[in-house]
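Take a look at the sequence and the model below.

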Amino acid sequence: MVRKNNNRRATFKQLSLYAGSGKKAQNLQLANLNPSLLLEGKTPGLIDEWQLAPKLWDAVRFEVDRRNEFNQFILTGSAVPASFAEISHSGTGRITRLLMRPMTLLETGDSTGKISLKKLFQGETDIAATGETDLRKTAYLICRGGWPKVLGASEKNALRQSIDYYDAVVNSDISRADDKTRNPERAKRLMHSYSRNIGSQIKYEDLRKDILGNDINSFSIETLYDYLAALKKIFVIGDSPAWNPNLRSKTAVRTTDTRYFVDPSIATACLGIGPEDLINDLNTMGFLFENLCVRDLRVYAQTLDGLVYHYRDKTNLECDAVVHLRNGSYGLIEVKLGGDKLIEEGAKTLNALEKRIDTSKMKSPRFKMILTAVGDYAYKREDGILIVPVTCLGN
């Protein structure tokens, strides 16, 4: 997927090796016989599904060295990684890797983007914006996901995208990840268990036991690691690492990663549920909404050279998301469906965590924010905490 502004024409040469491309056979033949010919022309040149012709990698590396210029080529590919058997150079120093995630609410047109994460880190926290949304719309956005084909699709067809993606993962992609045959039913059971534990720090051994409890006679820890590695390799699961700040006390920080999918719609597809099911089970919806917020925060943070973490300590004080930039700045974020009671709970958590941070050894948080699923306005409370509907958030 290439992120682009739909209001502007592409200003680069485009070449596709995708199976649906009319010139696929010709392009693949050229890529194998004389790949340099495909690299001629206007720059930057975009080559889609480049992994179908791995020789292009070395050809690009050679051209970059020869031209000695930046921004010459954009190589895009599917989640199933390329085989590096035919590649002689890693690309270090010539090729920069950029992880492309599913689209955010801003990119799908479901967020106004009036509350900019970048501006919050710049200290512009006196916010005011409207961002009307409701529980039904949020449930739909969770189940629909951020897949490119949802744009302009009917609600029925949009909801089908995550189901088709899930089917492809368990029946094909998990085996194509490294050309190793894996059992689709076991893949389904694993992803189902992962879905039930979204937003938790469940340990792998406990995850394995959960799978064994679903009528599977054997599923060794080695097999579990193998399946999880494949799912990570094709960018299906994307856990959040633990954040380890300097604390005033000797409170131990729990370091188990928090379990997430790269998109919450994968979990709803695994569980076989839709928007109405989420509305009838707000506890489950809360965890999946957290996954949606983490998805968007990761994209916005990436543009700021930052990462998204999760905090939890031995006292069970927990912060849903910590956006930490490379320069040491960070923001504390709680995720709540909405309502005065839940917002007050989130504010209590944020203030408690801030008090535990040793600001003599690290910076104070640039902001404290509660992301909500429902709400008409984004505003700043008297205690400085920002209340932001996710449909207002942007990069």
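Asp-305 has a relative accessibility of 42%, so it counts as partly exposed. The model is predicted, so local features need pLDDT of at least 70, side-chain atom pairs count only at pLDDT 80 or more, and totals for chains, interfaces and linings use all residues. Residues are numbered from 1 along each chain as its sequence is written, and side-chain values use heavy atoms, leaving out hydrogens and water.

Where does Asp-305 lie? Asp-305 is in the loop between α11 (282–302) and β6 (306–312). Helices (H or I, at least four residues) and strands (E, at least two) are DSSP runs, numbered from the N terminus. Asn-316 sits in another stretch, the loop between β6 and β7 (318–325). Most residues other than glycine have a negative phi. Asp-305 has a positive one, and Asn-316 does too. The table sets out their values.

| Residue | Phi | Relative accessibility |
|---|---|---|
| Asp-305 | near 60° | 42%, partly exposed |
| Asn-316 | about 70° | 42%, partly exposed |

## A cis peptide bond

Most peptide bonds are trans. The bond from Thr-43 to Pro-44 is cis, with omega near 0°. Pro-44 belongs to the loop between α1 (24–33) and β2 (45–48).

## A buried glycine

Is Gly-346 buried or exposed? Gly-346 counts as buried, because its relative accessibility is 0%. Helix α12 (residues 340–356) holds Gly-346. Which residues does Gly-346 touch, leaving aside those up to four places away in sequence? They are Glu-334, Lys-336 and Ile-370. Touching is a contact, with heavy atoms within 4.5 Å. Glu-318 is 28 residues from Gly-346 along the chain, and their C-alpha atoms are separated by 9.8 Å.

## The whole chain

Now step back. The chain has twelve helices and twelve strands. Of its 395 residues, 49% count as buried. Take the contacts between residues at least 6 apart in sequence: 70% of them join residues at least 24 apart. The accessible surface of the chain is about 19,600 Å², and carbon and sulfur atoms account for 47% of that. Such areas come from the Shrake-Rupley method with a 1.4 Å probe; for residues, only the protein chains shown count as cover.

How values were computed: Buried means under 20% relative accessible area, exposed over 50%, partly exposed in between (1.4 Å probe, protein chains only).
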